[in-house]
Amino acid sequence: MNSKEYPIYTEKNNCQDCYKCVKVCEVKAIKFEDNSASIVPERCIWCGKCVEVCPSNAKKVRNDVELVVRALKGKEKIVVSLAPSYLSEFCDVEQNALVAAFKEAGFVGVSETALGAELVAQKAKDWVEQQPNGVYFSSCCPTTIQLVRKYYPQYSDNLSPIASPVEAHATFLKNIYPDYKVCFVGPCIAKKTELQLKDNKLDYVLTFREINEVFEFLGVDLEFQKPSDEDRFIPMKAGIGNLYPTDGGMLSCMMNEELGNISNHCKLTSKDCELLTVSGVKNVMSVLNDVDKFDKNKKYFVEILGCAGGCVMGPATIKKTSSLVKRTQVFDKTTTCEQNDKYQQLFQTDISTDFYDIDSFEKKDYTQKDIIQILKRVNKVSDSDYLNCGGCGYDNCKSFAIALLDGLAENDMCVSYMRRVARDKTNILLKKMPQGVVIVDANLKIVQANEKFASTLGGDMEELYELKPGLSGVDITKALSFHNYFSNVLDTCKDLVELDIREDENYYRLSVFSVQDHQQVCGIIENMHAPEVKKDVVLTRTQEVIKQNMKVVQQIAFLLGENASYTESMLNSIIESHSQGQENKSSSEDTL
C-alpha cells in the first residue's frame with residue numbers, strides 16, 4: 001500500500017531533523033532513516049499526535065476532499081454521519097443552518113452519529129450484563145482498538161464485540177436508505193482506518209478540517225445560510241448519544257433511564273458493574289498494564305478513549321478551546337431524542353463484530369548483552385554514560401537501544417553522542433590549524449582554544465594550557481590585553497579581519513568572527529615575528545599589491561601601454577624569486 005493511502009504519512013522533504021513525533025508517540029511507531037521520520041503502519045495506532053506537534057507540517061493526514069467532491073459532482077447520493085463533537089466544533093452555527101450547508105454542498109441529508117452511539121450503549125449494556133466478573137473495555141474508539149489489538153492482544157476478548165458508533169450508524173442508515181452512501185464527518189483521524197475493517201459500512205471519512213475545505217471549494221458559506229423547515233437531521237434528532245465525545249459520555253448513556261426505557265432494559269447500576277472511564281493513550285496503556293491488579297471478584301467496564309478529554313479534543317478539530325469548555329457546550333446542546341418508528345427500528349440493528357482483522361504486533365525480545373553491545377555504537381560503554389536524557393525522543397537509553405536494534409533509530413539521534421562527535425571533530429580541526437584559535441562565549445569565557453593559541457601568546461598562557469588543555473572557562477579579559485575586540489564583535493556581530501596589533505615587542509595579526517550572534521565569537525591570532533608567518537605575509541601582501549595595481553592598470557591601460565605588462569612581470573618575479581629561494585633552501589637542507 002502506498003504511504004499516502006494510510007491515514008497519516010510523512011512529506012520527507014519537509015521533515016526537519018527533529019524528534020518531536022517520537023517524543024509524543026506512546027507506541028514509538030516512528031522510523032528514522034536519512035534523518036527523516038516516517039510512520040511504521042504496522043505499529044501505528046493513528047492517534048494523530050505526531051501531526052499535531054510536527055513543527056514543519058511534515059506529518060500529513062490523508063486528504064479525501066477530492067474523492068468526496070468528485071462523488072458529489074457525480075451526483076452520488078451521500079448522507080452525512082455527523083459526529084456529536086459538532087456541538088462544540090460548530091457551536092456558533094445553528095443546527096438547521098449546518099444541515100442546510102451540507103445540502104448546498106450536494107449531500108442528500110445529514111444524520112447524527114449519536115444515533116449509532118445510543119445503539120452501541122444499549123448493546124454494550126446488554127453484553128456487559130452477561131459477562132462474568134472481570135475487566136472489560138469499550139470498543140468505540142478506533143485508536144484504542146488499534147492499541148489493544150496491536151500491543152495488548154491478550155485482552156482482545158475483553159473488548160466489547162460491538163461496532164463503533166459510526167459503524168453502527170452507517171449500518172442503520174443503509175438499512176433504511178439502501179441507495180445512500182455514508183460519509184462520516186468528525187474530529188478523528190483514526191476513523192479513516194475503519195474504511196478497511198471487514199464489516200465496514202462506511203464509504204467516506206472526512207475530518208472537520210476537510211469538510212471546511214469542501215465547503216470552501218464548493219463556495220458554501222456557513223454564515224449566510226438561510227435554512228428552511230426541511231433542513232433538519234434525518235431520520236430523527238438524536239438525544240443522549242450526543243454525550244459520547246466527552247470522557248464518561250458512553251457511561252452516561254449506559255446508565256440513562258430514558259435509553260433503558262426505549263430498549264426495554266434497566267439502566268446499569270454500580271451494583272451490577274463498576275463503570276470507569278480513562279482517556280489519553282498513555283493513561284489507557286497504564287490501565288492495560290495493570291489489568292491483573294483489579295479485584296477479580298468484581299466486574300468492571302472501562303470506557304477507553306485515545307484523546308485526553310474525549311473526542312471533542314480530537315486531532316482534526318479546528319477549535320482549540322479547553323476540554324472543559326467543549327464539554328459544557330456538548331452538555332448544553334444535548335436534548336431528548338425524537339422517538340418515532342425509525343428510532344424503534346434503530347435498536348433492532350445487528351452491530352456485533354470482532355476486531356481480529358487488525359493484526360497484533362509482535363515485539364522482539366533482546367538480551368541485556370544485545371543492548372549493551374548496540375549502545376557501544378554511540379560510545380555508551382558504562383553505566384555513567386547512560387544519561388537517559390530523552391533528547392533522542394525515547395524515554396531512556398535502553399528504549400533507544402531497542403529502537404536501534406529494531407532499525408527504527410539512527411546513531412546521530414543521541415544528543416550526547418553527537419556532542420562528543422562534534423567536540424572530537426572540533427579538537428582535530430583546532431589541532432590542525434596553523435594559527436592560534438580561541439572560541440569565546442557571551443561572558444568572555446573561553447569555550448575552547450588550541451595549543452597554538454597558547455604558544456603564540458607564550459609565557460604564563462603556555463603553562464596554563466599544560467595544566468588545563470583547551471583553556472575552557474578561562475576569562476579572556478585576563479588572558480589578552482586586547483580583549484575589547486572580542487567584546488565589540490559580540491555586541492555588533494560585525495567581523496573584524498586582519499587587525500595588526502603591537503604589544504611591547506610582540507606583533508600580532510588578529511581576526512575575530514561571530515559564530516553565534518551575541519553568543520559566541522572565534523578569534524584567530526598569529527605571531528607576525530614567526531618565520532612561517534613572515535613568508536606568508538610577504539606572499540599574501542605582494543599578491544595583494546599585484547591585484548590592486550592591476551585594477552588601476554586596467555582602468556588606465558591606454559595611458560600606460562607596455563608599462564602594464566612590465567609592472568606585472570616585475571611583481572611576479574618577486575614572488576617567484578622568493579619561492580625559488582625557499583625551494584633551494586629546502587633542497588640544501590635535504591642534502592645535508
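Me: Which residues gather in a patch of negative charge on the surface?
Reply: Bear in mind that this is a predicted model. Five names belong on your list, and the patch lies on the surface. The residues that gather there are E451, D460, E462, E463 and E466.

Me: Which helix gives the largest share of the negative patch?
Reply: E451 sits in helix 18, which covers residues 451-457. The largest share, four residues, comes from the helix spanning residues 460-467. That's helix 19.

Me: Is E451 buried or exposed?
Reply: The cut-off for exposed is over 50% relative accessible area. E451 has 55% relative accessibility, so it counts as exposed.

Me: And where is G219 placed?
Reply: G219 has 54% relative accessibility, and therefore counts as exposed. As for its place, look between helix 9 (208-218) and helix 10 (249-255): G219 is in the loop.

Me: Zooming out, how many helices and strands does the chain come to?
Reply: The chain has 592 residues, and 48% of them are buried. Its secondary structure comes to 24 helices and 16 strands.

Me: Among contacts between residues at least 6 apart in sequence, what percentage join residues at least 24 apart?
Reply: Take the contacts in the chain whose partners are at least 6 apart in sequence. The share of these that join residues at least 24 apart is 71%.

Me: Last one: how much of the accessible surface belongs to carbon and sulfur atoms?
Reply: The chain's accessible surface comes to about 30000 Å². The part belonging to carbon and sulfur atoms is 48%.

Technical notes: Residues are numbered from 1 along each chain as its sequence is written. This is a predicted model: local features need pLDDT of at least 70, side-chain atom pairs count only at pLDDT 80 or more; totals for chains, interfaces and linings use all residues. Side-chain values use heavy atoms; hydrogens and water are left out. Patches are made of residues with over 30% relative accessible area and no salt bridge: like charges are joined within 9 Å, nonpolar side chains (Val, Leu, Ile, Met, Phe, Trp, Tyr) within 5 Å. Accessible areas come from the Shrake-Rupley method with a 1.4 Å probe; for residues, only the protein chains shown count as cover. A salt bridge is a side-chain nitrogen of Lys or Arg within 4 Å of a carboxyl oxygen of Asp or Glu. Lys and Arg count as positive and Asp and Glu as negative; His and the chain ends are not counted. The place of a charge is taken as NZ of Lys, CZ of Arg, CG of Asp or CD of Glu. Helices (H or I, at least four residues) and strands (E, at least two) are DSSP runs, numbered from the N terminus. Buried means under 20% relative accessible area, exposed over 50%, partly exposed in between (1.4 Å probe, protein chains only). Contact means heavy atoms within 4.5 Å.
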